[in-house]
Amino acid sequence: MFGKLLKNDLKAQWHSMSTIFLCIAFVAVGAEIFTLTTKQQAMKVLGGMLVFIALGFACIVVLIAVALMFSKTMFGRAGYLTLSIPVKTSSLLISKTVSGLIWIFSVYALFIGSLFLWVYQVKQTLGDQILHSVESILTIFGVPSFLTIFIGILFFLLSLAVLTLVMVQALQLSITLSNISPISKFGNLGIIVMFFVIFLVVQSVTTDLSDLLPIGFVVDADTVKFTSNIVRTKAAMGGNGLSIGICGSIFRLLSAIGLHYPTAYLIQHKINIK
């Protein structure tokens with residue numbers, strides 16, 4: 001049953017998302033054609049950067065679109081039909097969450113792909129010498145090598161995925177709260193305020209907890225060490241390398257899962273459908 005819910009959600013949402021993806025394709029293809037055809041090196045680099053910036057903006061647009069679709073299908077005119085489906089509210093909510101994440105992560109994948117493509121284009125345009133120069137500069141700032149950066153990027157992407165889940169869950173809870181009296185009288189302003197309050201509370205609490213448990217990895221030029229105290233280990237290694245704490249992402253993931261339950265309860269017992 002959940003598979004059918006997810007399939008129907010994706011089909012219904014495609015009508016809204018197709019326009020966004022069409023705009024993304026238009027800008028990306030246009031910029032890539034310009035990058036491949038121009039003879040000026042600076043323009044080649046700027047063309048690739050334009051794709052990267054456009055996709056970064058698209059990530060924000062898709063996140064907003066997912067929130068609007070959730071509000072429309074759960075609390076708008078379609079809400080009566082949605083909530084009349086003979087399935088658990090929890091399943092409905094999970095389907096909306098998963099379908100929203102699929103659209104968001106699809107754009108994220110294009111965004112990250114454009115970053116690697118841009119780096120490749122810079123290398124092809126300016127040669128390997130520019131990479132050696134950048135690596136020398138990074139060494140001055142305590143980053144041993146591009147391997148360290150690569151591992152750091154992988155962890156950043158994982159952290160970004162968890163953070164996105166937190167944002168989606170915080171948006172869903174905020175939108176749900178905005179449909180309950182007396183909070184409903186504040187409208188969209190109430191959604192924005194509650195979203196930032198929920199998100200910042202989660203960030204603050206999880207950051208404090210991760211500081212109490214500094215478990216993670218310290219990445220040096222050619223070694224990766226797992227440690228129960230990344231600060232102490234990094235200091236023992238001369239202060240160089242990259243320290244990666246894992247507890248913050250774990251606590252954020254647990255928080256995101258926890259935000260599902262009050263949202264499901266409120267939808268089932270407290271909402272006012274418009």
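This is a predicted model: local features need pLDDT of at least 70, side-chain atom pairs count only at pLDDT 80 or more; totals for chains, interfaces and linings use all residues.
Local features are reported only at pLDDT of at least 70 and side-chain atom pairs only at pLDDT 80 or more, whereas totals for chains, interfaces and linings use all residues. Residues are numbered from 1 along each chain as its sequence is written, and side-chain values use heavy atoms, with hydrogens and water left out.

Buried means under 20% relative accessible area, exposed means over 50%, and partly exposed lies in between, for a 1.4 Å probe and protein chains only. Helices (H or I, at least four residues) and strands (E, at least two) are DSSP runs, numbered from the N terminus. Contact is defined as heavy atoms within 4.5 Å. Not counting residues up to four places away in sequence, V62 touches M17, I20, W103, I104 and V107.

The structure holds 1 salt bridge (a side-chain nitrogen of Lys or Arg within 4 Å of a carboxyl oxygen of Asp or Glu). In this salt bridge the side chains of K96 and D9 meet at 2.9 Å, N to O. Because K96 lies in helix α4 and D9 in helix α1, the pair ties together parts that are 87 residues apart in sequence. Both K96 and D9 are buried.

Across the whole structure, 8 aromatic pairs are found. Rings of Phe, Tyr and Trp (its six-membered ring) pair if their centres lie within 6.5 Å; planes under 30 degrees apart count as stacked, over 60 as edge-to-face and the rest as tilted. The pair of F21 and W103 is tilted, because the ring centres are 5.9 Å apart and the planes stand at 55 degrees. This pair links distant parts of the chain, with F21 in helix α1 and W103 in helix α4, 82 residues apart. F21 and W103 are both buried, and together with W14 they form one aromatic cluster.

A second pair, F195 and F199, has ring centres 5.8 Å apart and planes at 15 degrees, so it is stacked. F195 and F199 are 4 residues apart in helix α7, which separates them by about one helical turn. Both are buried, F195 with a relative accessible area of 12% and F199 at 13%. Helix α7 itself has 26 residues and reaches 38 Å from its first C-alpha to its last, close to the expected 38 Å; the expected span is 1.5 Å times one less than the number of residues. Its buried residues include G190, I191, M194, I198 and V202.

Helix α6 contains S174, which is buried at 0% relative accessibility. Beyond four places in sequence, S174 touches I191, M194, F195 and I198. The C-alpha atoms of S174 and I198 are 8.0 Å apart, although the two residues are 24 residues apart in sequence. T164 is also found in helix α6 and is buried at 0% relative accessibility. The side chains of T164 and Y108 are joined by a polar contact of 3.2 Å. A polar contact is a pair of N or O atoms within 3.5 Å; within protein, one must be able to donate a hydrogen and the other to accept it, and residues adjacent in sequence count only if both atoms are side-chain atoms.
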